[in-house]
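Colleague: I would like to learn how to read pockets, cavities and helix packing in a model. Where do we start?

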Amino acid sequence: MTSATVPTPADLTITPRDRRFAGGAAAHRLWHGGRVEATAIYNALSATFPRGEAFFVESVRAFRDGASPKLAEEIKAFTTQEVIHSREHLAFNRRAADAGYDLTRLEQRVGERLAVTKSKPPIVSLAATMALEHFTAILAHQLLAEPRHLEGADSEAAALWRWHACEEIEHKGVAFDTWLHATRAWPRYKRWKVKAKVMLFITRNFLVDRTAGALELMRQDGVVGLRAWARLLWYLWAKPAMFRKIAGAWFRFFLPGFHPWNEDDRALLHAYEASLPRDAAVPARQVRRARAG
Ligand SMILES: [Fe+2]
Ligand SMILES: [Fe+2]
C-alpha cells in the first residue's frame, strides 16, 4: 500500500440484501424501454454474472488465509452478496430465455475465458477478479449516479439492476484488499505491473465480448449489420454513453496509490436505500450468511 492510498473505510458494513425480483424480462422481451440495443447490452451483461460471480468468489476465497479479521468478515459478506446476485441473474436470464433469447453462445464465451484464466496460477484469477470488480464498481456507480441509464426500463428489472449496483459499490474494496494481502511480499513495481497488464487484458476481452454478445442478441431481434453496430455503439459511447462515462474511473486504476475507496461514493448507497419502499429494506439478520468454512 502506498501513502496516497485511502483504505476501505473502517465504518463500512457490507450488508447482503436478500431480495428477489420476479418481473423484468418475463414481462416483455424488450424490457428496456422497448429498445433492442439497450435490452441487448444489459442481457449480455447479465449472461456473464452467474458463472462470473462464482469465479470471483472462488478466486477471492483462495487467498483468505491470514487475512485480518476485518477482511475475513468482508470476504464472507462479499461471498454472500455475490451468491445472491448469481441466483437473481440466473432467474433473470431464465426469463430472457423464456422471452425467446438464446444466451448459450454468450455463456459459452464466458466459460472459455474463465477456463483460460483458471489454467494459470491462482494469483492470476485473483488479479482478474480485482480488475473485473473495478469494472463492476464503476459501472454500478454510473448506473446509480445517472438515472437516465435505466430510463424507460421495466420497473422490476430496473430494481434488480439498482440493487446489484448498490452491493457492487459496497463490496468494491474486497477483491482489491485481498489482492493487497496476497501480494504483500511483492515489490511495489511488480504489483503494479501485473495489475496493469491484467487490467488491459481484461478490458480488451470485456469490450470485445460484451459488444459481440449484445450484437448476437440484437441479431436475434432481427437487427443486423451496420445498423446494429451503429445503434449499439451510439448507445454505449454517445448516449447515454455508459462506456464513455466510466473511462475516467477506469483510467484511475493505473495511478500509483489507487484504491477503490479513494472515491468514497457511499452517498449513492444512502440515496438508493432512501429511495426504496419500506418493505424492500431487508434487515441484515434475516440474511442467511454464506458458510465461512
Ligand atoms: Fe455481483
Ligand atoms: Fe462484485
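Modeller: With a definition. A pocket is an open set of grid points with protein on both sides within 12 Å along at least five of seven lines. Its volume is the space filled by probe spheres set on the points. Keep in mind that this model is predicted.

Colleague: How much space lies in the largest pocket?

Modeller: About 550 Å³.

Colleague: Which residues lie nearest the centre of the largest pocket?

Modeller: Arg-113, Leu-114, Leu-132, Ile-202 and Asn-205, out of 27 lining residues. H1, H3 (104–118), H4 and H7 (188–220) each supply at least two residues of that lining. By class, the lining has 16 nonpolar, 5 polar and 6 charged residues.

Colleague: And the second largest pocket: how much space lies there?

Modeller: About 290 Å³. The lining has 21 residues, with His-134, Ile-138, Ala-249, Arg-252 and Glu-263 nearest the centre.

Colleague: Which helix gives the largest share of the lining of the second largest pocket?

Modeller: H4, with 5 residues. Both H4 and H10 (247–252) supply at least two. The classes here are 9 nonpolar, 7 polar and 5 charged.

Colleague: Now cavities. What is a cavity?

Modeller: A set of points where a 1.4 Å probe fits but cannot get out. This structure holds 1 cavity of 30 Å³ or more. The volume of the largest cavity is about 220 Å³.

Colleague: What lines the largest cavity?

Modeller: There are 17 lining residues, and Leu-45, Leu-139, Ala-140, Leu-143 and Trp-161 lie nearest the centre. They divide into 14 nonpolar, 2 polar and 1 charged. Helices H1 (36–61), H4 (122–145), H5 (155–170), H8 (225–238) and H9 (242–245) each supply at least two residues of this lining.

Colleague: Last topic, helix packing. What describes two packed helices?

Modeller: The angle between their axes and the distance between the axes. Take H2 (residues 69–98) and H6 (residues 174–182): their axes come within 10 Å and cross at roughly 140 degrees. That makes H2 oblique to H6.

Colleague: Is the crossing of H2 and H6 left-handed or right-handed?

Modeller: Left-handed.

Colleague: Which residues meet between H2 and H6?

Modeller: From H2, Leu-71, Glu-74, Ile-75 and Phe-78; from H6, Val-174, Asp-177, Thr-178 and His-181. By class, this contact has 4 nonpolar, 2 polar and 2 charged residues.

Terms used: Residues numbered from 1 in each chain as written. Chains lettered and ligands numbered in written order. Predicted model: local features only at pLDDT ≥ 70, side-chain atom pairs only at ≥ 80, totals over all residues. Heavy atoms only, no water. Axes fitted to C-alpha atoms, helices over the stretch in contact; angles between N-to-C directions. Helix = DSSP H or I, 4+ residues; strand = E, 2+ residues; numbered from the N terminus. Parallel < 35°, antiparallel > 145°, perpendicular 65-115°, else oblique. Left-handed = near helix turned anticlockwise from the far one by under 90°. Contact = heavy atoms within 4.5 Å. Nonpolar A, V, L, I, M, F, W, Y, C, P; charged D, E, K, R; others polar. 1 Å grid on protein atoms, 1.4 Å probe; cavity = no way out; pocket = protein on both sides within 12 Å on 5 of 7 lines; lining within 4 Å.
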